[in-house]
Amino acid sequence: MPDAPVILSGDPGSFPWSVFHERHPKLLRQVLDALPYGPAERRHVEQLLAESTTGVLTPLPPDAPDHEQWLRWGERLWGLPWGEVPFLWAESYFYRRLLHATGYFTSGAWHGVDPFGPFKSAELANPTVDDELATLSALLDLPEAKRRAALLTSALWGNRADLGFRITNDPGSVTATGLLVDDGPLLWRELERTAGGRVDLVADNAGRELLPDLVLTDHLLTSGLAAEMALWVKPQPYYVSDAMMADVLAAVGRLRRSKAGAIGDRLWRAIGDGTLTVRTHAFFCAPLPYHELPAELAAEFAGATLTILKGDLNYRRLVGDRLWPPTTPFAEAAGHFPSPVAALRTLKSDVVTGLPEAAVRELDGTGEAWRTSGRYGVVQVCNAG
C-alpha cells in the first residue's frame with residue numbers, strides 16, 4: 001500500500017483539532033441535554049472532555065468487556081497526548097469512551113441506552129421526511145438511466161442532498177456540481193457484469209441518510225442486479241448517528257408508514273427470507289483502517305461481487321486516514337480491499353484521493369475549506385480485489 005503522512009489532531013487551527021476542541025464539546029452538551037443522565041454519568045462525560053482536550057490517553061477500566069482488545073490496539077499509544085495519536089484512532093476511542101461514561105456497557109439502568117438515540121428518533125420523525133420518501137418512491141417510476149442516476153445521487157448526498165444543488169457557479173465547473181468524481185456509470189456496468197451475485201453495502205448514518213440507502217438496496221434486489229444483499233451496520237453506537245440494527249428496523253418501519261410503503265414492505269420480507277441480511281462485526285467500531293481487516297471479515301467481503309461503502313468515515317478507513325496528494329489514484333489506495341469496491345462519499349475530512357489535477361487547482365483557488373465543507377462528493381470505483 002502506498003504511503004502518506006498519518007493525520008493527527010494536535011495542530012491548532014486544523015480540522016482535526018477543531019473536531020476535538022469545538023465539535024466534541026458541543027456534542028457532549030447535546031448528549032447531556034437529550035437524556036437525563038445522573039450525576040455520575042455527567043461527571044464521567046466532563047472528565048472525558050477534559051482528558052480528550054488537555055490530557056493523555058488512558059485505557060478502559062479492567063472490567064470493560066473490550067478492555068484487552070483496546071489495550072492491544074493502543075499498546076504504543078497509552079500515555080500520549082490525544083493530539084499526538086492518529087486522528088482516526090483518537091476519534092474512535094473518544095466515542096468508545098463516551099459509551100463508558102454514559103453507562104452503555106456497565107450494569108445499571110443506562111445499560112444499552114444509545115446516547116444518540118434521541119437525535120436519530122427526532123430526525124426520522126421530522127415531517128419533511130414524508131416528502132423525501134414520496135420523492136424517493138417516485139424515483140422508481142423514472143426511465144432506467146435516470147432512475148439509476150437519481151438513486152446514486154440520493155444515496156451519495158443523504159440528508160445533505162440540498163448542498164449539492166445550491167451552488168450557482170458556472171455549470172461546467174466542479175464547484176458548481178459538487179460532484180468531483182463520477183464513476184456512477186462504471187458502478188452500474190460492474191453491477192450488470194456481475195448480476196445475480198451478492199452486493200454488500202456498508203452503511204454510514206442512520207435516519208434520513210439510511211432511507212435512500214435502503215431504497216437503493218431495494219432497487220438492486222428487485223432489478224436482479226443483486227440476488228442477495230448484505231447490509232453492514234455498527235454493533236454499538238458510534239460517531240453520533242452511525243446505523244445499528246435498531247436503526248435499520250426504525251428506518252424500514254418509517255418506509256412502511258409512508259408513501260414508499262411498498263418499498264418498506266419488500267425490505268421487511270427480504271430481511272425475513274434472508275435475501276437481505278443485516279450483518280455486523282466488532283471491527284466496524286475499531287480505530288483501524290480497512291487494510292487491517294481481520295481474516296474472517298476479509299473472507300466475508302471477498303464473497304461479494306461488489307461492496308458499496310457509504311460516507312466519509314468508511315472512505316477514511318478504506319484509503320487510510322492520511323494526507324494523500326489528492327491526485328493519488330483511488331485504485332492505489334483502495335486496491336487492497338478484498339472485493340471490487342465503490343465509495344459514495346461526501347467530503348467532510350481532509351483525506352481524498354483520485355481527483356483530476358485541474359479540479360484540484362480549481363478547488364484550491366476558491367480559498368474555501370473544500371475538503372471538509374460537505375459541499376463536495378465523489379463516486380469512485382475500484383475493480384481490484
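H7 passes H10 in a left-handed crossing; a crossing is left-handed if the near helix is turned anticlockwise from the far one by less than a right angle, and right-handed if clockwise. This is a predicted model, in which local features need pLDDT of at least 70 and side-chain atom pairs count only at pLDDT 80 or more, while totals for chains, interfaces and linings use all residues. Residues are numbered from 1 along each chain as its sequence is written, and side-chain values use heavy atoms, with hydrogens and water left out.

Helix H7 spans residues 144-157 and helix H10 residues 210-223. Helices are DSSP runs (H or I, at least four residues), numbered from the N terminus. The two pack at an angle of about 145°, with axes 8 Å apart. Axes are lines fitted to C-alpha atoms over the stretch in contact, and angles run from 0 to 180 degrees between N-to-C directions.

H7 brings Glu 144, Arg 147, Arg 148, Leu 151, Ser 154 and Ala 155 to the contact. H10 meets them with Pro 212, Asp 213, Val 215, Leu 216 and His 219. Contact means heavy atoms within 4.5 Å. His 219 is buried, at 2% relative accessible area. Buried means under 20%, exposed over 50%, partly exposed in between (1.4 Å probe, protein chains only). Beyond neighbours within four places in sequence, His 219 also touches Trp 188.

Glu 144, Arg 147 and Arg 148 join Glu 192 in a network of salt bridges. A salt bridge is a side-chain nitrogen of Lys or Arg within 4 Å of a carboxyl oxygen of Asp or Glu. The count comes to 24 salt bridges.

| Pair | Closest N to O |
|---|---|
| Arg 97 and Glu 51 | 2.9 Å |
| Arg 375 and Glu 368 | 3.1 Å |

Arg 97 and Glu 51 are both buried. Arg 198 is buried at 12%, and Asp 200 at 0%. Arg 375 is partly exposed at 26%, as is Glu 368 at 23%.

Ala 101 lies in helix H4 (residues 87-101). Ala 101 is buried, with 4% relative accessibility. Ala 101 touches Glu 41, His 44 and Val 45, leaving out residues up to four places away in sequence.

Met 245, Leu 249 and Trp 268 make a nonpolar surface patch of about 280 Å². Such patches take residues with over 30% relative accessible area and no salt bridge, nonpolar side chains being joined within 5 Å. Met 245 belongs to helix H11 (residues 245-256) and is partly exposed at 34%.

Technical notes:
Patches are made of residues with over 30% relative accessible area and no salt bridge: like charges are joined within 9 Å, nonpolar side chains (Val, Leu, Ile, Met, Phe, Trp, Tyr) within 5 Å. Accessible areas come from the Shrake-Rupley method with a 1.4 Å probe; for residues, only the protein chains shown count as cover.
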